[in-house]
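Biologist: Could you take me through this one slowly, as I am new to it?

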Amino acid sequence: MLAQHDAPIIAIATAPGRGAVGIVRVSGKQLSALVQAVCGRGLKPREATYLPLLDESGAPIDHVLALHFPGPNSYTGEDVLELQAHGGPVVLQLIVARCLQVAATLDAQQKPLLAGLRLAQPGEFTQRAFLNHKLDLAQAEAVADLIDASTEAAARGASRSLAGAFSKEIHQLRDALIHLRMLVEATLDFPEEEIDFLKQADAQGQLHRLQDQLAQVMTQTKQGALLREGIRVVIAGQPNAGKSSLLNALAGAELAIVTPIAGTTRDVVQQTIQIEGVPLHVVDTAGLRDHPDVDEVERIGIARAWDQISQADAVLFLHDLTRQDDATYAAAEAQIQQTLDEKLDNHVPVLHLWNKADAHKFASPPDIQGNDTQTMHLMLSAKTGEGLPALRQKLLNVVGWQGGGSEGMFMARERHVQALRELDEHLMLANASLQAAVPALDLLAEELRLGQNALNSITGEFTPDDLLGVIFTSFCIGK
């Protein structure tokens with residue numbers, strides 16, 4: 001739920017723990033009296049002032065840099081006070097406590113100096129920036145994405161979104177949609193002339209151009225969502241196929257224990273790596289087998305492996321080239337493939353990786369038929385690194401990454417992709433209404449209206465409060 005945004009708020013704005021500098025931030029209406037009382041003097045707007053911050057007895061808590069940003073020319077659109085102190089957690093907590101104490105002090109009229117000052121909730125400063133029209137919702141989300149960015153490309157993409165690159169694309173779509181809506185709705189009052197009027201205004205051409213423009217934005221947005229969300233890649237296969245060795249090779253570190261003993265990996269091991277700036281969340285799982293030696297712990301690990309596979313964006317089915325002529329091994333491989341076909345949607349790509357190529361140089365991988373259209377084969381050696389560059393490139397290809405470089409890329413979220421898909425559906429229905437033998441202009445107008453609502457949900461012009469609550473509570477406190 002959204003917090004009550006009328007009361008003044010305070011929070012430590014820097015990360016928990018020790019640091020060279022820590023920041024305490026206050027936001028609210030009419031902070032001048034609090035600034036005077038806490039700092040012992042008034043502050044020039046947007047000018048740093050070095051001063052001692054005193055406790056109730058007059059002893060210094062710390063020497064700080066104090067900055068006052070009068071609203072609306074501040075991050076939140078309200079008056080903002082920032083106190084930059086030494087970054088010890090106790091010092092910062094003492095400063096917060098002092099500000100709360102001063103705010104509750106009664107003035108000459110026996111009223112609190114700053115009534116209602118309270119600790120901020122997660123994301124509440126940025127929430128106020130959004131509510132006070134300093135940022136739209138896509139830009140506000142980009143603030144969190146910039147903080148959480150796990151790759152350089154993701155950070156640059158989030159910075160572009162914060163600067164408004166993504167919002168500009170959405171606004172251009174919205175302007176074209178509004179113009180088309182205006183034409184359509186203007187005809188509803190003149191039914192005798194509506195068809196000729198729409199033909200003269202080239203409503204059909206405008207709709208097609210809008211769909212073409214949307215297709216381009218959807219492609220960019222999917223790329224931006226990949227930058228933010230990354231892809232979940234699950235390594236699956238029988239015991240001792242080299243799954244843990246492959247994870248270690250992709251990560252460039254010894255993350256998983258590797259032994260020749262079947263069932264060594266009994267739980268999920270995950271590591272995030274990046275390829276061309278795209279985060280890949282690589283998951284190593286327990287070896288898949290049905291054997292009398294499987295104990296309860298390994299059985300749980302195998303169940304968790306199948307659970308991870310069912311949630312994958314891509315599956316690496318790892319085969320052991322040195323055992324491909326073993327009939328028992330081949331039968332188990334076929335059983336795993338059958339279960340994959342049953343559990344995975346057709347759109348989830350399966351890469352068949354034939355490992356230990358260094359030990360079986362002249363082998364060639366047999367064909368394995370799956371029910372998806374994206375089945376691929378690749379020979380590699382997790383031990384020597386042979387085939388790993390090709391695997392990395394294939395992983396980017398199967399998830400649709402077209403970046404190559406990230407210049408011009410902006411950050412996006414899955415909800416943005418879904419909103420654009422919703423708009424696409426409404427435009428297709430609008431096109432069908434317009435092309436009918438007797439155009440149904442009332443239905444056309446309604447589809448365009450619903451499409452605009454989908455667009456508005458991206459930037460926040462039309463967004464339910466419960467969604468805003470979900471978005472801003474995912475932020476860190478103090479931001």
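Modeller: One term before we start: a residue counts as buried under 20% relative accessible area, exposed over 50% and partly exposed in between (1.4 Å probe, protein chains only). This is a predicted model, in which local features need pLDDT of at least 70, side-chain atom pairs count only at pLDDT 80 or more, and totals for chains, interfaces and linings use all residues. Residues are numbered from 1 along each chain as its sequence is written, and side-chain values use heavy atoms, with hydrogens and water left out.

Biologist: OK, so is His133 buried or exposed?

Modeller: His133 has a relative accessibility of 72%, and therefore counts as exposed. Its place is the loop between helix H3 (124-131) and helix H4 (137-148), where helices (H or I, at least four residues) and strands (E, at least two) are DSSP runs numbered from the N terminus.

Biologist: And what's its phi?

Modeller: Phi of His133 is near 65°, which is a positive value in a residue other than glycine. Lys356 also has a positive phi, near 70°, and is likewise a residue other than glycine.

Biologist: Where does Lys356 sit, then?

Modeller: Lys356 belongs to the loop between strand S11 (350-355) and strand S12 (376-379), and with a relative accessible area of 24% Lys356 is partly exposed.

Biologist: Switching topic, which residues does a cis peptide bond join?

Modeller: That bond joins Gly71 and Pro72, with omega at about 5°, and Pro72 is in the loop between strand S4 (60-69) and strand S5 (79-86).

Biologist: What about helices H9 and H12, at what angle do they pack?

Modeller: Helix H9 (residues 243-251) and helix H12 (residues 388-398) pack at an angle of about 85°, and their axes are 11 Å apart. H9 and H12 are therefore roughly perpendicular to each other, a label given to angles of 65 to 115 degrees, while those under 35 count as roughly parallel, over 145 as roughly antiparallel and the rest as oblique.

Biologist: Which residues meet there?

Modeller: From H9 there are Leu246, Ala249 and Leu250, and they meet Leu388, Leu391 and Arg392 in H12.

Biologist: Last one: what is Ile477 in contact with?

Modeller: If neighbours within four places in sequence are left aside, Ile477 is in contact (heavy atoms within 4.5 Å) with Ala11, Ile12, Ala120 and Pro122. Ile477 and Ile12 are 465 residues apart in sequence, yet their C-alpha atoms are 7.5 Å apart in space. Ile477 itself lies in the segment after helix H15 (465-473), and at 48% relative accessibility Ile477 counts as partly exposed.

Methods
Axes are lines fitted to C-alpha atoms, for helices over the stretch in contact, and angles run from 0 to 180 degrees between N-to-C directions.
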